[in-house]
Amino acid sequence: MCSDQASKDTLGKAYTREEALQLDGSDCLRHLRREFIIPTKDDLRKKTLSSQSTLTGSQEELCVYLCGNSLGLQPRRSAGHVSDYMKAWATKGVLGHFKAHQDSIIPPFVNIDDVAAQRMAPIVGALVSEVAVMETLSANLHLMMASFYRPTEKRYKILLEGKAFPSDHYAVESQIRHHGLDSERAMILMEPLDSEQATITTSQVMATIDQHASTTALILLPGIQYYTGQYFDIRTITAHAHSHGITIGWDLAHAVGNVELQLHDWDVDFAVWCSYKYLNCGPGAIGGLFVHDKHSQVDREAIGNGHEGYRPRLSGWWGGDKATRFQMGSHFVPIPGAAGFQVGNPCALAICPLLASLEIFAIASMPAVRSKSIMMTNYLEELLQRSTSKATQDGMEELYWIITPRSTADRGAQLSIRLQPGLLEGVMDELEEQGVVVDERKPDVVRVAPAPLYNTFSEVWDFVAVFDLACRKANSKKTNNSQGSGLLGGTEHKGWSLIK
């Protein structure tokens with residue numbers, strides 16, 4: 001199943017749940033589902049944490065969790081890593097920074113970020129020296145822009161998408177203002193040419209770069225767009241930016257652990273990401289960053305001659321030369337590589353779940369993860385297209401349509417489904433009632449993301465069955481409410497709800 005033998009045509013024939021189960025049986029990653037804690041439907045309803053079915057080994061029916069694009073499920077290994085951290089802290093105190101334990105699955109605290117970077121590098125296609133595990137995505141974005149956004153009188157603008165994730169927009173705007181510039185003039189916002197599809201083509205990105213090249217200092221784009229699930233052509237766009245002498249950075253929040261990345265070979269200048277989505281490291285988990293090797297060299301001879309000898313940055317002691325870190329000197333000499341952009345001591349506790357998750361990725365490999373992901377999302381798309389709720393009862397109008405690109409090269413695991421106006425609340429209520437977990441983006445989009453490490457083809461089938469029912473029920477309720485509003489002289493839906 002993790003090879004090309006399971007083509008889209010093969011998936012397209014699996015229209016029954018029994019056939020979906022057959023796909024599960026031939027899945028070469030199916031054993032990894034046991035590595036994760038899947039909440040039960042009963043767990044989702046309970047109002048206390050005590051005696052949760054998931055944790056007590058109950059045989060209650062499991063929920064259908066297709067929300068890894070928002071928060072990944074907990075690996076079973078995470079508890080062991082966190083437990084060893086607590087034991088090392090309890091039994092060694094400060095010595096836990098340096099003392100290794102023969103029976104521990106985590107390294108000493110002082111080296112834990114280095115080990116995490118070693119395991120993360122293959123996930124993003126980077127040299128180990130190009131990766132640092134630190135801070136959060138937004139904080140790392142600010143640290144990167146402090147170094148890479150170097151506005152001049154002629155080149156001072158930052159190019160980003162008009163519907164960027166809000167935190168990215170806030171960070172860009174605040175960095176511009178920090179330099180004393182007018183954000184209205186210095187921000188170039190790309191908007192989709194087709195508002196219905198809401199995607200931005202590679203040709204549009206390149207044309208926008210061409211149009212503003214003479215005044216652009218920096219480009220910041222998402223590897224995968226959070227709302228539509230569109231996968232940008234990182235390699236092509238990066239090369240085009242560089243052809244104009246423009247630095248480009250990437251927000252990989254929805255790309256890391258989702259698609260195969262080759263940041264070093266693609267010559268990306270910098271990238272940032274979080275680890276609580278497809279990397280399954282828990283709410284607000286530690287982030288990461290990539291800095292291409294060409295930007296992170298340290299010229300010790302230049303430093304010795306009184307010159308800076310390294311790229312300007314916001315500096316902190318954990319980014320300083322390890323040989324002199326604990327000498328507490330006031331002269332900063334950075335570690336060569338991305339580690340030299342670290343500021344404070346990274347949270348060892350926060351790194352433990354990351355180490356646990358990366359062990360699972362090492363078992364699977366990103367090519368296998370991506371291969372299964374393509375098959376699962378293709379299967380989801382095929383079933384959605386065949387769903388009876390694609391059209392209203394009179395057969396004239398679709399109740400939903402997919403706004404994520406159809407090509408597998410242009411998307412990751414996620415499909416974004418836009419509903420007809422007025423259906424979202426009813427659909428989400430029904431999904432929750434049936435123990436199906438996805439997320440919404442108001443006013444009318446449902447995001448669904450099968451995660452190949454723990455989701456199954458039969459779960460995809462189950463989701464579509466429940467979603468089909470939810471759409472038809474929500475549409476029926478909307479129609480009845482509209483007819484009732486008419487009887488009351490045109491009372492709006494909100495007013496009708498209050499009357500009821």
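Okay, let's start with glutamine 204: setting aside neighbours within four places in sequence, it is in contact (heavy atoms within 4.5 Å) with Met190, Glu191, Pro192, Leu193 and Thr199. Quick background: this is a predicted model, where local features need pLDDT of at least 70 and side-chain atom pairs count only at pLDDT 80 or more, while totals for chains, interfaces and linings use all residues. Residues are numbered from 1 along each chain as its sequence is written, and side-chain values use heavy atoms, with hydrogens and water left out.

Back to glutamine 204, then. Is glutamine 204 buried or exposed? It's buried, with a relative accessible area of 11%; buried means under 20% relative accessible area, with a 1.4 Å probe and protein chains only.

Glutamine 204 sits in helix α10, and helices here are DSSP runs of H or I, at least four residues, numbered from the N terminus. In α10, residues 202-212, the buried ones are Gln204, Val205, Thr208, Ile209 and His212. Looking down the axis, they fall within an arc of 140°, so they line one face of the helix; the arc uses directions from the helix axis to the C-beta atoms. Their cover includes strands (DSSP runs of E, at least two residues) such as β3 (157-161), along with helix α11 (234-243).

Last stop, leucine 263. Not counting residues up to four places away in sequence, leucine 263 touches Val124, Gly125, Leu252, Val268, Ala271, Trp273, Phe290 and His292.

Conventions. Buried means under 20% relative accessible area, exposed over 50%, partly exposed in between (1.4 Å probe, protein chains only).
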